[in-house]
Amino acid sequence: MKTFNNLIIFAVISITSITYTACKNDFFDRYPSDSMQMETYMRDDSELQNILLNGYYQLQDLTLNLINVNSVATDEAYNYKKNNATDRISLNECSWDATLSFTSDIWEECFYIINRCNNVLKNIDNASETNREQYEGEACFLRAYAYFTLVRLFGAVPITTTPIDDYSTLYDYERNSVDEVYSQIKEDLANAITNLPNSYSASNMQGRATKIAAYTMQADVFMTLQDFSSAKTSLENVISYAGQNPAELGLEDDVLQIYASDNPMGKEVIFAAQYNNGATVVDNELMGRCIPAAVPTDQPAYVYSDGS
């Protein structure tokens, strides 16, 4: 009992000696340290480039979805129905509507690219003098490509030139007119042409946007708007550069080199983002759908030869 009383007295003394310190509100205003936060990222060239390259990465899925919508939905291509999804069958039969997954994916991928570019442009002052112009030009180029894709498929779409940080505000954005969208595209391409180099000397820079690619897209925009005089001027810049740099841009001497797998950035390629650097596997479902079947089949998408 004596020991018990001593414990109680010790506990009372310990509690009375505790000191409480109030915390300021900003103590809890911390960003998670176990993941990347956009608010604390993009502080230097390396981080800005990572966000920029993520925009390039989205072109992979975007291009595949565009091929499906622009080709399978026309007489250019046929996608076999064997074990096929409803959306692909709808494309083949031209019975699709606004619920088609391919079109919603294109919308999402384009705005993903746009938001990445907006983040880079917002933080472009953090880039070094060496890379600032190039990064700005690349971001404008990719944003122009995304909006050019959107306006041709959907018409009037929302324009945003600043990052969307609060996704609860997404439905607050209204559609801008087609003319406004094209004005934004023209402005971005003019910026890209001003800031991008004609080409890159380093091999690890292949596949990134160039001034020549921007001139070419600009010509495509003008032709879409039936401004053929302006389109001619843009293309003359491309032709002039090719004339002065025939080893870099021009026609291949061997036509087989145009699509050769070991010549991904040949002379006839103006813009082609590179993904499988050094890889031996090409993860492109279109290739598998074009390869002849190993056995006879009555599916019209297959071509079979018995070797005779």
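Student: OK, which residues does Tyr 147 touch?
Tutor: Leaving out residues up to four places away in sequence, Tyr 147 touches Phe 111, Ile 114, Val 157, Pro 158, Ile 159, Thr 160, Val 181 and Ile 185, where contact means heavy atoms within 4.5 Å. Please keep in mind that this is a predicted model, in which local features need pLDDT of at least 70 and side-chain atom pairs count only at pLDDT 80 or more, while totals for chains, interfaces and linings use all residues. Residues are numbered from 1 along each chain as its sequence is written, and side-chain values use heavy atoms, with hydrogens and water left out.

Student: And how many residues are in the largest nonpolar core?
Tutor: That core has 56 residues, and Tyr 147 is among those with the most contacts inside it, together with Phe 141, Leu 142 and Ile 185. A nonpolar core here is a set of buried Ala, Val, Leu, Ile, Met, Phe, Trp, Tyr and Cys residues joined through side-chain atoms within 4.5 Å; buried means under 20% relative accessible area, exposed over 50%, and partly exposed in between, using a 1.4 Å probe and protein chains only.

Student: Which elements give two or more residues to this core?
Tutor: They are helix 2 (45-72), helix 4 (101-122), helix 5 (132-154), helix 6 (178-195), helix 7 (211-224) and helix 8 (228-244), and helix 5 gives the most, with 11 residues. Helices are DSSP runs of H or I with at least four residues, numbered from the N terminus.

Student: Switching to helix 2, is Asn 68 buried or exposed?
Tutor: Asn 68, whose place is in helix 2, counts as buried because its relative accessible area is 3%. Apart from residues up to four places away in sequence, Asn 68 touches Ala 73, Arg 88, Leu 91 and Phe 102.

Student: New topic: how many salt bridges are there?
Tutor: The count comes to 5, a salt bridge being a side-chain nitrogen of Lys or Arg within 4 Å of a carboxyl oxygen of Asp or Glu. Side chains of opposite charge can pair when their charged atoms come close.

Student: Which side chain does Glu 138 meet in a salt bridge?
Tutor: Glu 138 meets Arg 208, at 2.7 Å from N to O. The pair links distant parts of the chain, 70 residues apart, with Glu 138 in helix 5 and Arg 208 in the loop between helix 6 and helix 7. Both Glu 138 and Arg 208 are buried.

Student: What about Asp 220, which residue does it form a salt bridge with?
Tutor: Asp 220 forms one with Arg 152, and their closest N and O atoms are 4.0 Å apart. This pair also links distant parts of the chain, since Asp 220 is in helix 7 and Arg 152 in helix 5, 68 residues apart. Asp 220 counts as partly exposed because its relative accessibility is 32%, and Arg 152 is partly exposed as well, with a relative accessible area of 44%.

Student: And Glu 47, which side chain does it meet in a salt bridge?
Tutor: Glu 47 meets Arg 43, at 2.9 Å from N to O. Glu 47 is buried, with a relative accessible area of 10%, whereas Arg 43 counts as exposed at 55% relative accessibility.

Student: Last one: where is Ile 89 found?
Tutor: Ile 89 is found in helix 3, residues 86-93, and is partly exposed, with a relative accessible area of 24%. The C-alpha atoms of Ile 89 and Tyr 78 are separated by 9.8 Å, the two residues being 11 residues apart along the chain.
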